[in-house]
Amino acid sequence: MNLALKQDPAEISPKAPKLQQATMGHRFDAELVAVTKRYGPGAPAVDDISLRIPRGSYCCLLGPSGCGKSTTLRMLAGHEDVTEGAILIHGTEITNKPPVERGTSMMFQDYALFPHLSALDNVAFSLKVRGVAKEERRNQAREYLELVQMDHLAERLPNQLSGGQQQRVALARSLITRPKVLLLDEPLSALDPFLRIRMRAELKRIQKELGISFIHVTHSQDEALALADLIVVMNDAVIMQAAPAREVFETPANAFVARFLGGHNVIRSEGREVSVRADQCRLGRMPGMRALEGVIGMIEYQGTQVRITITKDDEDYTVLMDAPTYFAQSPEIGEPGVMSWEASDEHVLG
Ligand code: ADP
Ligand code: MG
């Protein structure tokens with residue numbers, strides 16, 4: 001089955017508005033142009049953000065609770081009005097179009113399946129609404145259940161399915177309308193950790209197989225790093241950094257991104273603020289390396305690595321060391337501790 005080939009060919013209106021001219025040829029599946037959302041007086045929930053999502057991207061919107069991720073997603077879906085700015089899908093402005101005319105589809109956190117319909121009929125339902133004949137919509141629904149590996153349970157009711165299985169059905173249901181962009185708001189948060197890791201691999205596989213963009217909201221750094229081609233780190237209604245996962249991790253734009261991603265130490269060094277990855281820091285004073293002296297505050301054994309926290313002036317710094325090195329040094333909580341790092345591993349923060 002090659003669902004990707006069934007995507008509508010890109011259509012460009014001859015009366016293309018200005019915004020569209022800039023993006024002819026659809027290099028981007030989705031674009032936000034200076035988008036602001038105000039729910040009322042006071043600080044906006046989303047403040048003048050611009051973002052371009054290249055074709056076929058797995059994009060994660062990552063940030064702490066309340067930073068504006070869901071609002072951004074709901075504006076893309078058309079479930080929330082845009083106060084200022086424009087939204088484009090495949091180069092066409094859709095800012096004021098109703099949800100069904102945007103080429104987007106949203107998968108809800110609580111799955112929202114109809115309890116009295118089988119998995120198959122739940123998936124076929126969106127086509128029923130669009131007037132597709134029964135036989136045809138059931139055939140298509142079967143294909144999408146196959147895509148999410150649920151074809152063997154097609155006749156079950158939602159309450160005869162596990163949470164993970166219900167989620168696959170919900171995913172098939174949101175894909176059957178052949179969206180150009182699939183929107184997912186914290187889709188893995190209701191699953192246990194084991195299922196969450198399995199399901200995120202499935203999401204990635206399906207996204208690659210379909211070749212469309214997924215925009216996935218999460219507050220989990222691990223999830224974003226594991227999934228995303230493009231990570232968009234948000235804080236306080238604005239975008240802090242939008243870049244490939246590796247770039248965000250290796251060269252965080254500022255102290256917020258470095259701290260939020262975790263695995264970094266933010267240090268004032270030589271009068272500048274820098275970040276150094278915790279796995280590049282060492283415990284103990286090393287010749288030729290920069291150093292910071294404090295007290296060992298915490299030791300966490302994590303299997304292959306051990307995480308040591310050094311506290312200085314009420315700030316915590318982290319050294320990630322491999323287990324053999326840790327057992328050879330066997331530091332103790334409460335002892336003085338020195339963290340060392342190479343000047344060349346410092347990344348200057350903006
Ligand atoms: P996130 O998904 O990142 O946790 P949200 O987009 O849900 O953040 O919320 C961003 C801000 O907008 C928060 O301050 C939140 O309280 C506010 N907000 C969200 N939805 C509404 C709403 N329907 N009415 C008023 N304020 C809202
Ligand atoms: Mg949210």
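This is a predicted model: local features need pLDDT of at least 70, side-chain atom pairs count only at pLDDT 80 or more; totals for chains, interfaces and linings use all residues.
Is glutamate 250 buried, exposed or partly exposed? At 35% relative accessibility, glutamate 250 counts as partly exposed.

Residues are numbered from 1 along each chain as its sequence is written, chains are lettered from A and ligands numbered from 1 in the order in which they are written, and side-chain values use heavy atoms, with hydrogens and water left out.

## Overall build

The chain has 350 residues, and 49% of them are buried. Its secondary structure comes to 10 helices and 18 strands. Both are DSSP runs numbered from the N terminus: helices are H or I with at least four residues, strands are E with at least two. The C-alpha trace spans about 75 × 50 × 40 Å along its principal axes.

Contact means heavy atoms within 4.5 Å. Take the contacts between residues at least 6 apart in sequence: 64% of them join residues at least 24 apart.

The chain exposes about 16,700 Å², and carbon and sulfur atoms supply 50% of that area. Accessible areas come from the Shrake-Rupley method with a 1.4 Å probe; for residues, only the protein chains shown count as cover.

## Charges and salt bridges

The chain carries 39 positive and 45 negative charges, and their mean positions are 7 Å apart. Lys and Arg count as positive, Asp and Glu as negative; His and the chain ends are not counted. Each charge is placed at NZ of Lys, CZ of Arg, CG of Asp or CD of Glu.

Side chains of opposite charge can pair when their charged atoms come close. A salt bridge is a side-chain nitrogen of Lys or Arg within 4 Å of a carboxyl oxygen of Asp or Glu. By this rule the count is 19. The table gives some of them.

| Salt bridge | N to O distance |
|---|---|
| Arginine 52 – glutamate 31 | 3.1 Å |
| Aspartate 229 – lysine 208 | 3.2 Å |
| Glutamate 250 – arginine 246 | 3.2 Å |

The pair of arginine 52 and glutamate 31 links distant parts of the chain. Arginine 52 is in strand 2 (residues 46-54), glutamate 31 in strand 1 (residues 28-37), and the two are 21 residues apart. Glutamate 31 is buried at 5% relative accessible area. Arginine 52 is partly exposed at 45%.

Aspartate 229 and lysine 208 form a salt bridge. Aspartate 229 lies in the loop between helix 7 (221-227) and strand 9 (230-235), and lysine 208 in helix 6 (residues 193-210), so the pair ties together parts that are 21 residues apart in sequence. Both partners are partly exposed: aspartate 229 at 31%, lysine 208 at 45%.

Glutamate 250 and arginine 246 both sit in helix 8 (residues 245-250). They are four residues apart, about one turn of the helix. Arginine 246 is exposed, with a relative accessible area of 62%. Elsewhere, salt bridges that share partners join Arg168, Glu202, Arg205 and Glu209 into one network.

## A negative patch

Asp313, Asp314, Glu315 and Asp316 form a negative surface patch. Patches are made of residues with over 30% relative accessible area and no salt bridge; like charges are joined within 9 Å, and nonpolar side chains (Val, Leu, Ile, Met, Phe, Trp, Tyr) within 5 Å. Aspartate 314 falls in the loop between strand 15 (305-312) and strand 16 (315-322). It is exposed at 78% relative accessibility.

## Three further residues

Serine 57 is in the loop between strand 2 and strand 3 (58-62). This residue is buried, at 5% relative accessible area. Beyond residues up to four places away in sequence, serine 57 touches Gln207, Ile212, Ser213, Phe214 and Asp229.

Glycine 263 lies in the loop between helix 9 (255-261) and strand 11 (264-269). It is partly exposed, at 32%. With residues up to four places away left out, glycine 263 touches Arg277 and Ala278.

Leucine 349 lies in the segment after strand 18 (347-348). It is buried, at 10%. Leaving aside neighbours within four places in sequence, its contacts include Pro252, Ala258, Val266 and Val274. Leucine 349 and arginine 272 are 77 residues apart in sequence and 8.1 Å apart in space, C-alpha to C-alpha.

Definitions and conventions: Buried means under 20% relative accessible area, exposed over 50%, partly exposed in between (1.4 Å probe, protein chains only).
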